[in-house]
Amino acid sequence: MIPLFYFTVGLEFWQLLVLVFLGSLLDAPGGTARSALLPDLAEQAGMPIERVTSLTHVIERGSRLVGAPLAGFLIGMIGTENVLWLNAASFFTSAGIIGLVIVAPATVKKEAKAGSYFGEMRDGFRFIHRDKLILSIVFMVMLTNFLDAIFWGVVRPVYVKEVFDEALNLGLLIAVNGGGAVIGGLLFAAIGHRLPRHATFVAAFMLAGMQFWIYALQPPFIVLLSSTLITSIGAGPLNPIIGAVQFERIPADMRGRVIGAIGAGAWLSIPLGMLLGGVWTDSFGTYPLLIGLGVTYFITTLSMAFIPTMKEMNRKASEQLAPETAQA
């Protein structure tokens, strides 16, 4: 719609905002549906769920790494408006691949209807409330997403401007951040199904949180770049572990609504983090905020090691008792 408006009636800024909002709005159920496909696809492929979730996130992060410089190259070659047409065509191609190439199981268990949209949404939140492990994960993810949004969205760009005054440096840090997460995801895809989930989850989170302390030390850029690569490896296993736990505990007939509710909770804290990050950066400056982020992140991630409910993520689906599985 963006290039179509641009080449016909014209594209105003408010129209662009509306189209971007609608794109994000429709992407949410699409992402939830893609996630709900993964357990069935893992079973068809005969792969451990940890490997499937890892590879999915590696592909997503890798495509973002490749996509940004590719977009810049194509814009220079064929122009912005033509890249938008190319982007639109890629979505139709992806939809065709999903619809025509992926074979659905012979017997598909459809989700039970709750009668209305809000009824199904209540079912999803009710399930999360009953399953204490997933509820704990949702709260932890909301808090860490809030802290990450402050850092990624506000503190890091301001920090790079103040310390290095080079936009290229920010781009390199973002690229290395993504590259480290890809490395971590590939490592977890290879050996993750052999590792204890709880210990790996806590250790990976704490490694990722070390970045705040390194930034606060204001090291030379090459040291900051190298340490960012290392600490970002910790981000690789996090979403795959969360995904594996979700898929093992959520019944197939509730998968869509529960994953959708979890996603809503995870995203809820990000805009608030962006807003408060701007206010707090103006009020306190980057250095005190980095110390505050480092302390809060450390306490949050270390607490996961001592929460009894969190240790349940070590229990594979085959080890869970049938009554618990039915109740979860």
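**Helix packing and aromatic rings in a predicted model**

Author: Helix α3 (residues 49-78) packs against helix α10 (residues 238-249) at an angle of about 135°, and their axes are 8 Å apart. The model is predicted.

Reader: Left-handed or right-handed crossing?

Author: The crossing of α3 and α10 is right-handed.

Reader: Which residues make the contact?

Author: From α3, Ile-49, Glu-50, Thr-53, Ser-54, His-57 and Arg-61. From α10, Asn-239, Pro-240, Gly-243, Ala-244, Phe-247 and Glu-248.

Reader: And how do the residues of the contact of α3 with α10 divide by class?

Author: Four are nonpolar, five polar and three charged.

Reader: Switching to α8 and α12. At what angle do they pack?

Author: About 165°, with the axes of α8 and helix α12 (residues 286-303) 8 Å apart. An angle over 145° counts as roughly antiparallel, so that is the label for α8 and α12. Their crossing is left-handed.

Reader: Which residues in α8 and α12 meet?

Author: The α8 side has Val-202, Phe-205, Met-206, Gly-209, Phe-212, Trp-213, Tyr-215 and Ala-216. On the α12 side are Tyr-287, Leu-290, Ile-291, Leu-293, Gly-294, Val-295, Tyr-297, Phe-298, Thr-301 and Leu-302. By class, this contact has 15 nonpolar residues, three polar ones and no charged ones.

Reader: Aromatics next. How many aromatic pairs does the count come to?

Author: The count is 11 aromatic pairs. One of them is Phe-151 with Phe-212, an edge-to-face pair at 5.0 Å centre to centre and 85° between the planes.

Reader: Where in the chain do Phe-151 and Phe-212 sit?

Author: Phe-151 is in helix α6 (residues 132-163) and Phe-212 is in helix α8 (residues 197-216). They are 61 residues apart, and the pair links distant parts of the chain.

Reader: Are those two buried or exposed?

Author: Phe-151 and Phe-212 are both buried. Another edge-to-face pair is Tyr-159 with Phe-164, at 6.4 Å centre to centre and 70° between the planes. Tyr-159 and Phe-164 are buried too.

Reader: Which residues form the aromatic cluster?

Author: One cluster takes in Phe-151, Tyr-159, Phe-164, Phe-201, Phe-205, Phe-212, Tyr-215, Phe-221 and Tyr-297.

Reader: Stay on Phe-164. Where is its place?

Author: Phe-164 lies in the loop between α6 and α7. Its relative accessible area is 18%, so it falls under the 20% cut-off for buried.

Reader: What does Phe-164 touch, not counting residues up to four places away in sequence?

Author: With those left out, Phe-164 touches Tyr-159, Asn-169, Pro-219, Phe-221 and Leu-224.

Reader: Backbone now. What is phi of Asp-165?

Author: Near 55°, which is positive in a residue other than glycine. Most residues other than glycine have a negative phi. Asp-165 is in the loop between α6 and α7, and at 47% relative accessibility it counts as partly exposed.

Reader: And what about phi of Gln-218?

Author: Gln-218 also has a positive phi, about 50°, and is not a glycine. Gln-218 is in the loop between α8 and α9. With a relative accessible area of 46%, Gln-218 is partly exposed.

Technical notes: Residues are numbered from 1 along each chain as its sequence is written. This is a predicted model: local features need pLDDT of at least 70, side-chain atom pairs count only at pLDDT 80 or more; totals for chains, interfaces and linings use all residues. Side-chain values use heavy atoms; hydrogens and water are left out. Rings of Phe, Tyr and Trp (its six-membered ring) pair if their centres lie within 6.5 Å; planes under 30 degrees apart count as stacked, over 60 as edge-to-face and the rest as tilted. Helices (H or I, at least four residues) and strands (E, at least two) are DSSP runs, numbered from the N terminus. Buried means under 20% relative accessible area, exposed over 50%, partly exposed in between (1.4 Å probe, protein chains only). Axes are lines fitted to C-alpha atoms, for helices over the stretch in contact, and angles run from 0 to 180 degrees between N-to-C directions. Angles under 35 degrees count as roughly parallel, over 145 as roughly antiparallel, 65 to 115 as roughly perpendicular and the rest as oblique. A crossing is left-handed if the near helix is turned anticlockwise from the far one by less than a right angle, and right-handed if clockwise. Contact means heavy atoms within 4.5 Å. Ala, Val, Leu, Ile, Met, Phe, Trp, Tyr, Cys and Pro count as nonpolar, Asp, Glu, Lys and Arg as charged, and the others, Gly among them, as polar.
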